Amino acid sequence: MWLAFAFLSAALLGFYDFCKKTALKDNAVIPVLFLNTLFSTVIFSPYLLSAEIPVTWNVHRFIILKSCIVLSSWTFGYFAMKHLPITLVGPINATRPVMVLIGAMLIFGEQLNVYQWIGVLLAIVSFFLLSINGKKEGIDFRHDRWIYFLVLAAILGAASGLYDKFLMASPADGGVGLSPIDVQSWFNLYQCLMMGMVMGWFWWPVRKKSTPFHWSWAIPLISLFLAAADACYLYSLSLQGAMISIVSMVRRGSVLISFFVGAWVFHEKNLRSKAFDLFLILLSMIFLWLGSR
């Protein structure tokens, strides 16, 4: 059951990336990100009133740390998404499950079976090939700052994934024992407050000298798809037997939707050479499913 929610989360993330790319086109990044956190907070505000988390520093310090990690990852990721092809963002983001896999094995002692290892290795190869294809589009991986932004976003995202497992695990297993919906509700609120301060201090004073902001209906859709994807993701981790390494890898299957969006909507290049790589991604998802049944 936990793997089914992981696959659903992956599909929703693909539409989330599409909406994000659409909203960021010729638009100011910081206000788009702020509105994303604001709408997400509104979506989960009913749960804040009935949250089971006690309002104590000993508990909320863990959620505040998660908010800092995720918001940093989003900031780097949003800037990278604006300036890079969506068919390239997905593959580099896919380094995240590899980082999570290594961390899960070292920290949580998770073990993969043969099918799961085949799925992981196929995904690594396919994502690597997709990254190579990005060079055909004139992007210098060694000197392009947006590539570095994307790598930083992936590293921070991997750290957040490992941290989620710690937050959801019961105290008997060495975790905090928080419920997924409580964590999601509160960390959205903290992110909104943090992003509001960033926008007020850094973007608002220079807004007339930088890229102007314009409204797009893709902005609230970012929050809707992300909220649904995160809800499925966190619920998956809360189920017995859930493996953070596999959940994170499956979520990267969202690159399949990103590919079709890039081809159909954004008319991006080198799609034929990327088709085989996407086949390997799909094959890796099948092996992950077989290994987790």
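This is a predicted model: local features need pLDDT of at least 70, side-chain atom pairs count only at pLDDT 80 or more; totals for chains, interfaces and linings use all residues.

Me: Which residues lie nearest the centre of the second largest pocket?

Reply: The second largest pocket has a volume of about 190 Å³. Its lining is made up of 13 residues. Those nearest the centre are V29, F79, K82, S210 and T211.

Me: How do α2 and α3 lie relative to each other: parallel, antiparallel, perpendicular or oblique?

Reply: Helix α2 covers residues 29–49 and helix α3 covers residues 57–83, and their axes are 10 Å apart with an angle of about 130°. Roughly antiparallel needs an angle over 145 degrees, and roughly perpendicular stops at 115. With that angle, α2 and α3 count as oblique.

Me: Is the crossing of α2 and α3 left-handed or right-handed, and which residues make the contact?

Reply: The crossing of α2 and α3 is right-handed. On the α2 side the contact uses V29, I30, V32, L33, N36 and T37. From α3 come L71, W74, T75, Y78, F79 and K82.

Me: And how many residues of that contact of α2 with α3 are nonpolar?

Reply: Sorting the contact residues by class gives 3 polar and 1 charged. The nonpolar count is 8.

Me: Are α3 and α7 roughly parallel or roughly antiparallel?

Reply: The axes of α3 and α7 come within 8 Å and cross at roughly 150°. The cut-off for roughly antiparallel is anything over 145 degrees. So α3 and α7 are roughly antiparallel.

Me: What is the handedness of the α3 and α7 crossing, and how many nonpolar residues are in their contact?

Reply: The crossing of α3 and α7 is left-handed. Their contact includes 6 polar and 2 charged residues. The nonpolar count there is 17.

Me: What about α1 and α9: roughly parallel or roughly antiparallel?

Reply: Helix α1 spans residues 2–24, and its axis comes within 8 Å of that of α9, crossing at roughly 160°. The crossing is left-handed, and the contact has 21 nonpolar, 3 polar and 1 charged residues. Going by the angle, α1 and α9 are therefore roughly antiparallel.

Me: Now the largest pocket: which residues are closest to its centre?

Reply: The largest pocket has a volume of about 300 Å³. It is lined by 17 residues. Closest to the centre are K165, A169, D173, L237 and A242.

Me: Last one: which element supplies the largest share of the lining of the largest pocket?

Reply: By class, this lining has 8 nonpolar, 6 polar and 3 charged residues. Both α7 (145–168) and α9 (218–238) supply at least two residues each. The largest share, 3 residues, comes from α7.

Methods:
Residues are numbered from 1 along each chain as its sequence is written. Side-chain values use heavy atoms; hydrogens and water are left out. Axes are lines fitted to C-alpha atoms, for helices over the stretch in contact, and angles run from 0 to 180 degrees between N-to-C directions. Helices (H or I, at least four residues) and strands (E, at least two) are DSSP runs, numbered from the N terminus. Angles under 35 degrees count as roughly parallel, over 145 as roughly antiparallel, 65 to 115 as roughly perpendicular and the rest as oblique. A crossing is left-handed if the near helix is turned anticlockwise from the far one by less than a right angle, and right-handed if clockwise. Contact means heavy atoms within 4.5 Å. Ala, Val, Leu, Ile, Met, Phe, Trp, Tyr, Cys and Pro count as nonpolar, Asp, Glu, Lys and Arg as charged, and the others, Gly among them, as polar. On a 1 Å grid over the protein atoms alone, a cavity is a set of points where a 1.4 Å probe fits but cannot get out, and a pocket is an open set with protein on both sides within 12 Å along at least five of seven lines; lining residues have an atom within 4 Å of a point. Grid points are joined across faces, edges and corners, and a volume is the space filled by probe spheres set on the points.
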